[in-house]
Amino acid sequence: MKLTKLLTSVAVAAGLFAGPASAEDMRIALVVKALGIGFFEAAAKGAEEAASELGDVEIIYTGPTDTTAEGQIEVINSLIAQNVDAIAVSANDTDALVPTLQKAMQRGITVISWDSGVAEEGRQMHLNPSSNALIGNMIIKLAADHLPDGGEVAVLSATTTSTNQNIWIEEMNKVMGDYPGIDVVATVYGDDLADKSYREATGLIQSYPDLDAIIAPTSVGIVAAAQAVVDAGKVGSVNVTGLGLPSEMAGAIESGASQSFAIWNPIDLGYSAAMIAYHLAKGDATAEPGASIPMGRMGDVTLDDTNAGAMADPFVYDASNIAEFKDIF
Amino acid sequence: MSVLNSREAILVGAILVLLGIVASRFPGFVTPTNLVAVFTDTAPLIILALGQMVVILTRSIDLSVAANLALTGMVCALINVSFPGVPIGVLVLLALALGATMGAINGFLVWKLAIPPIVVTLGTMTIFRGIIFLLTDGSWVNSHQMSAAFKAFPRETVLGLPVLGWIAVIVTLILGLVMGRTTLGRAFFAVGGNPHAAVYTGINVGRTQFLAFVISGMLAGLTGYLWVARYAVAYVDIAGGFELDVVAACVIGGVAIAGGVATVSGAVLGALFLGIIKNALPVIDVSPFWQLAISGAAIIIAVAFNARTGRSKGRVILKSAEHTQ
């Protein structure tokens, strides 16, 4: 009796730490940029959710203590030695991890990247939290949802040369036809500086007395615009929305300057990464251009020519869920 | 020197012309409420320009002011988050002390180790920003973490002007008093005008420069708290590149970059000129691609005017020497 118990715990310990792959549970390693970051802790929570849904999966949440590629290489090498079934990594460096991850794939380990990608040759597929088209649509939808009768909106961007913001605004303009009555009256640039963004937002409020919303697809801009709206006494008449982090926007939601804003949901992201890794390792899906891989409750992801796919629309944060997320990231 | 010909008169004229042009495109800009808002928005620049003026006057330059502001602001924000009970008065004193300490480090290196000021402050600029990163790991202090009193102080309105604006007024008055009515103020001019002659009159040049850096640092520290409270956010990069605006305000205000020439009113007017441009550009519907070029051109035009009026004729004091040259 006692001996059996001892043997079992030894077996469990071996399975957990360094032993040969146990036949029953599939082991998926979630490698993050660094341990102790709220965003990744939340992603791990999502991965655990996927594991309990799938049943026969064990999640190994790991990563270096600081955000270095060297640290991640060490972690991945030890995962290869443990012969895990799949590695899902958010990379600190696009290229530096490639040789190590190639070694893992040669040993038959499924390798995917998520959040922050690895170069194509170093992974089977990459999961983006969202796509430019989805983000472009989301930022105008956020403003339009609170303007059933239409209205004037203005965009407060980062710099005139910020690639991401320019693409998102371009994508937004493409879908403007779906939002009749919504007028984009101006696009201004706050250069991702708090003081300039604040002045630009104040300028918008002055120049367009009927302005209904300011869309800021940048985390510095959205916070500064919210503060400018509060200081101008325009809470309730000008809604600030766009892309921001819950921890940074909690004050703006509380003051009412912002009704809602969006950004990826790390829980969904970790959940989806684990789901994809599971299906690829199991062999019931293959990562190839055009392939569709199931992600449980998040639907399917379709891969493009570079084997990358977008998870979903950015997740919307408002007064109902801000408290839950503001301490996470 | 006639009043009409002075730098200050020309700057006042330039500011009025500027306001006229802006008003012709956006009349709302010159309403009293908006002018108060513009003045308040420019207050940090005025405070920093006054500190910078003293430093430049003594033939030095302080490029670390924006980094000093960011570090002091972050420390104030962190204290507020950890100990929300600390009264604002204590925080303001702490910001002054911390800023002065950082200024003293600059001043000490310039004074005792005789390192060129531009090199010293370029170095400390990066060090101060680096320290913020060490303190916070790059994370932000956000609006909802700060106490209401912390954020409200610079916004509190007294006699129609927010406290932030009043502080700029008070700092201007104090600096005016120091520069015009104290031996320290005279020493700044003497050291900048002719350091060798200053030594012969018994002025310690290094010590005077040290004190200039302390004043500049102290004002940067004060602005640090005000900045963070006003924008209700603190992170590593706040006020990035602001040191150049501060130097530009001084230069527009007729502060000679080679030292020796400066006035308090000039520095204030220079800051106001720049502040009005910064506030006007967003409302007069100018393409953002042109805005930077316009700001730059305005600075050069203002300086060109100053250089013309400021050119001293040079008096011939030795007739015979004139012919031998």
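Here are some questions and answers about a predicted model with chains A and B.

Q: How do you know how confident the predictor is in chain B?
A: The score to look at is pLDDT, which runs from 0 to 100. Chain B has a mean of 90, and 92% of its residues reach 70 or more. For the model, the scores are ipTM 0.79 and pTM 0.80.

Q: What makes up chain A in terms of helices and strands?
A: Chain A has eleven helices and 14 strands. Its C-alpha trace spans about 80 × 45 × 35 Å along the principal axes.

Q: What makes a residue of chain A count as buried, and what share of the chain is buried?
A: The test is a count of neighbours: 20 or more other C-beta atoms have to lie within 10 Å of the residue's own. Of the 329 residues in chain A, 51% are buried.

Q: Why are the buried residues of α4(A) said to line one face of the helix?
A: Start with who they are: A:T100, A:L101 and A:A104, in the helix that covers residues 98-106 of chain A. Looking down the axis of α4(A), you'd find the buried residues within an arc of 95 degrees, so they line one face. Turned away from that buried side are the exposed residues A:P99 and A:Q106. Exposed here takes 12 or fewer C-beta atoms in the count.

Q: What covers the buried residues of α4(A)?
A: The cover includes α3 (69-81), β3 (86-89) and β4 (110-114), which belong to chain A too. And what follows α4(A)? That's A:G108, with a positive phi near 85 degrees.

Q: How do you know that α4(B) and α5(B) touch each other?
A: Look for C-beta atoms within 7 Å. On the α4(B) side, the contact is made by B:M102, B:I105, B:N106, B:L109 and B:V110, while α5(B) brings B:P117, B:V120, B:T121, B:T124 and B:F128. Sorted by class, these residues are seven nonpolar, three polar and no charged. As for the axes, they come within 9 Å and cross at roughly 145 degrees, and the crossing is right-handed.

Q: What makes up the contact between the two chains, and which element of chain A gives the most?
A: Chain A puts in 21 residues and chain B 18. On the chain A side, β7 (182-189), α7 (194-207), α8 (219-231) and α9 (246-255) each supply at least two residues. The top giver is α7(A), with eight. By class, chain A's side has nine nonpolar, seven polar and five charged residues.

Conventions: Residues numbered from 1 in each chain as written. Chains lettered and ligands numbered in written order. Predicted model: local features only at pLDDT ≥ 70, side-chain atom pairs only at ≥ 80, totals over all residues. Axes fitted to C-alpha atoms, helices over the stretch in contact; angles between N-to-C directions. Helix = DSSP H or I, 4+ residues; strand = E, 2+ residues; numbered from the N terminus. Left-handed = near helix turned anticlockwise from the far one by under 90°. Nonpolar A, V, L, I, M, F, W, Y, C, P; charged D, E, K, R; others polar. Arc of directions from axis to C-beta.
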